[in-house]
Amino acid sequence: VQLVESGGGLVQPGGSLRLSCAASGNIFSIRTMGWYRQAAGDQRDLVARISGGGIPTYADSVKGRFTISRDSAKNTVYLEMNNLKPEDSALYYCSAQILRTYSNSYYDYWGQGTQVTVSS
């Protein structure tokens, strides 16, 4: 199983970016998918997650600015980020709870991360 993020980059304050994360491999089912971020010297924190039923949860710091969505047919989760601030700069990681074919347990999988830098 592999999670591959894309869409990071450099953007000015107030700008927007859209992150994507596609899961591939021997997948039977995906439960919760989410985005986390980690700035240099900080711990990895939840940004947003979305349940298998499509119910989102957001960190207080991004409410009203970020939107998480998923395309279950494509095993893909998205993070639309608007009104970006310098404090949003971090390495953004995708995570998913995946049940592999012929397995009986869900496990957490992580992507390699995509850098988001907000600077003028």
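Which residue does a disulfide join to Cys-21? In this predicted model, the partner is Cys-94, with an S to S distance of 2.1 Å.

## Disulfide

The count of disulfides comes to 1. Cys-21 sits in strand 3 and Cys-94 in strand 9, so the bond links distant parts of the chain, 73 residues apart. The angle about the S-S bond is -80°, and the link of Cys-21 and Cys-94 is left-handed.

Are the two cysteines buried or exposed? Cys-21 has a relative accessibility of 0% and therefore counts as buried. Cys-94 is likewise buried, because its relative accessible area is 0%, and the cut-off for buried is under 20%.

## Nonpolar core

The largest nonpolar core holds 29 residues, of which Trp-35, Leu-79, Met-81 and Tyr-92 touch the most other members. Two or more residues of this core come from each of strand 3 (17-24), strand 4 (27-38), strand 5 (45-50), strand 7 (66-71), strand 8 (76-81), strand 9 (90-100) and strand 11 (114-118). Strand 9 gives the most, with 5 residues.

Which residues does Leu-79 touch? Leaving aside residues up to four places away in sequence, the contacts of Leu-79 are Leu-17, Arg-18, Leu-19, Trp-35, Val-47, Ala-48, Phe-66, Thr-67, Ile-68 and Tyr-92.

An open sheet is formed by 4 strands in the order 1-3-8-7, with antiparallel pairing. Strand 1 (2-6) and strand 7 are the edge strands, each pairing on one side only. On average, and with direction ignored, neighbouring strands of this sheet are turned by 15° against each other.

Inside this order, strand 3 and strand 8 pair in the antiparallel sense over 6 bridges. Leu-19 has Leu-79 of strand 8 as its bridge partner, and Leu-19 is also among the residues that Leu-79 touches.

## Positive phi in loops

Most residues other than glycine have a negative phi. Asn-75 has a positive phi, near 50°, and lies in the loop between strand 7 and strand 8. With a relative accessible area of 24%, Asn-75 is partly exposed.

Tyr-102, also not a glycine, has a positive phi of about 70°. Tyr-102 belongs to the loop between strand 9 and strand 10 (106-110). Its relative accessible area is 83%, so Tyr-102 counts as exposed, for which the cut-off is over 50%.

Notes: Residues are numbered from 1 along each chain as its sequence is written. This is a predicted model: local features need pLDDT of at least 70, side-chain atom pairs count only at pLDDT 80 or more; totals for chains, interfaces and linings use all residues. Side-chain values use heavy atoms; hydrogens and water are left out. A nonpolar core is a set of buried Ala, Val, Leu, Ile, Met, Phe, Trp, Tyr and Cys residues joined through side-chain atoms within 4.5 Å. Buried means under 20% relative accessible area, exposed over 50%, partly exposed in between (1.4 Å probe, protein chains only). Contact means heavy atoms within 4.5 Å. Two strands pair if DSSP finds at least two bridges between them. Axes are lines fitted to C-alpha atoms, for helices over the stretch in contact, and angles run from 0 to 180 degrees between N-to-C directions. A disulfide is a pair of cysteine sulfur atoms within 2.5 Å.
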